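Colleague: I have not looked at this one before. Can you walk me through it?

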Amino acid sequence: MENSKGGLFTVDELHNNFQAGKMLPIFFPNKDPATSPFLPKKVADSIPYSSSKLPEILRLFSIAPGSPLAKSMEDTLSKCEYVPAKGETKTCATSLESMLDFVGSAFKVSPQDTKFITTTHPTMSTSSLQNYRVLEAPKEIKSSRKVACHPMPYPYAVFFCHYDEDSSETRVFKVSMVGENTKDRVDAAAVCHMDSASAALLNLTDKQGKSPMCHFFSAGDLIWVQ
């Protein structure tokens with residue numbers, strides 16, 4: 001119950017606690033995933049995208065150095081440039097076309113043969129911790145590979161996309177719930193990291209540091225499946 005408040009839970013808890021009719025205290029932030037627009041690939045590719053070019057980028061967008069946005073952009077560029085973990089493939093997609101190209105190469109199929117799932121809350125009225133009634137048992141989304149894409153703070157849409165070569169290390173579920181107080185319906189995407197080492201890097205292990213944990217994706221985070 002304590003884990004669910006922060007959106008963290010084990011695979012066993014997912015199967016045992018998230019059953020139809022169960023009430024669980026969960027916090028879902030009311031995020032607007034569409035705060036930054038995608039640029040056409042030709043335009044995005046013409047703009048410098050490197051930590052070494054940050055002063056030039058800030059001048060281009062008339063952003064004051066040292067401002068909160070400038071610091072967020074610096075952090076985004078740094079994360080995009082880190083060396084991927086063993087078995088991980090990653091990219092920072094600066095356009096919708098580049099995201100679809102990455103997804104297509106990951107699955108080795110046309111992007112039209114893939115789809116994404118995400119957490120949706122079409123009637124979410126506010127961010128709050130409240131009890132949610134589970135509407136139906138979690139449904140596992142099986143796929144030959146899963147590609148996760150996360151929106152990053154930047155003046156235009158940038159998504160950090162990555163996947164592991166071993167798809168069995170990640171399991172994806174969809175859980176439908178409704179808020180007890182606000183009656184807000186949430187169709188939540190839950191991701192379970194089965195590899196203990198990978199989960200530890202993400203601080204997603206239990207108190208003993210052994211059992212991998214599951215967590216909900218925020219609105220705007222995408223999980224591509226085949």
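Modeller: One term to start with: contact means heavy atoms within 4.5 Å. Also, this is a predicted model.

Colleague: Fine. Which residues is Thr-94 in contact with, leaving aside its neighbours within four places in sequence?

Modeller: Those are Leu-39, Ala-44, Asp-45, Tyr-49, Tyr-156, Ala-157 and Val-158.

Colleague: And where does Thr-94 lie?

Modeller: In the loop between strand E3 (88-93) and helix H6 (96-107).

Colleague: Is Thr-94 buried or exposed?

Modeller: Thr-94 counts as buried, because its relative accessibility is 11% and the cut-off for buried is under 20%.

Colleague: Changing topic. How many disulfides are there?

Modeller: The count comes to three. One joins Cys-80 to Cys-92, with S to S 1.9 Å. That pair links distant parts of the chain, with Cys-80 in helix H5 (residues 68-80) and Cys-92 in strand E3, twelve residues apart.

Colleague: Left-handed or right-handed, that link of Cys-80 and Cys-92?

Modeller: Left-handed, with -85° about the S-S bond.

Colleague: What does Cys-149 pair with?

Modeller: A disulfide joins Cys-149 to Cys-161, S to S 2.2 Å. Cys-149 is in strand E7 (residues 147-152) and Cys-161 in strand E8 (residues 158-164), so the pair ties together parts twelve residues apart in sequence. The torsion about their S-S bond is about 115°, so this disulfide is right-handed.

Colleague: And Cys-192?

Modeller: Cys-192 is joined to Cys-214, S to S 2.0 Å. Here the torsion is about 105°, so the disulfide is right-handed. Both Cys-192 and Cys-214 are buried.

Colleague: What is the pairing if the bonded cysteines are numbered in sequence order?

Modeller: It is 1-2, 3-4, 5-6.

How values were computed: Residues are numbered from 1 along each chain as its sequence is written. This is a predicted model: local features need pLDDT of at least 70, side-chain atom pairs count only at pLDDT 80 or more; totals for chains, interfaces and linings use all residues. Side-chain values use heavy atoms; hydrogens and water are left out. Helices (H or I, at least four residues) and strands (E, at least two) are DSSP runs, numbered from the N terminus. Buried means under 20% relative accessible area, exposed over 50%, partly exposed in between (1.4 Å probe, protein chains only). A disulfide is a pair of cysteine sulfur atoms within 2.5 Å.
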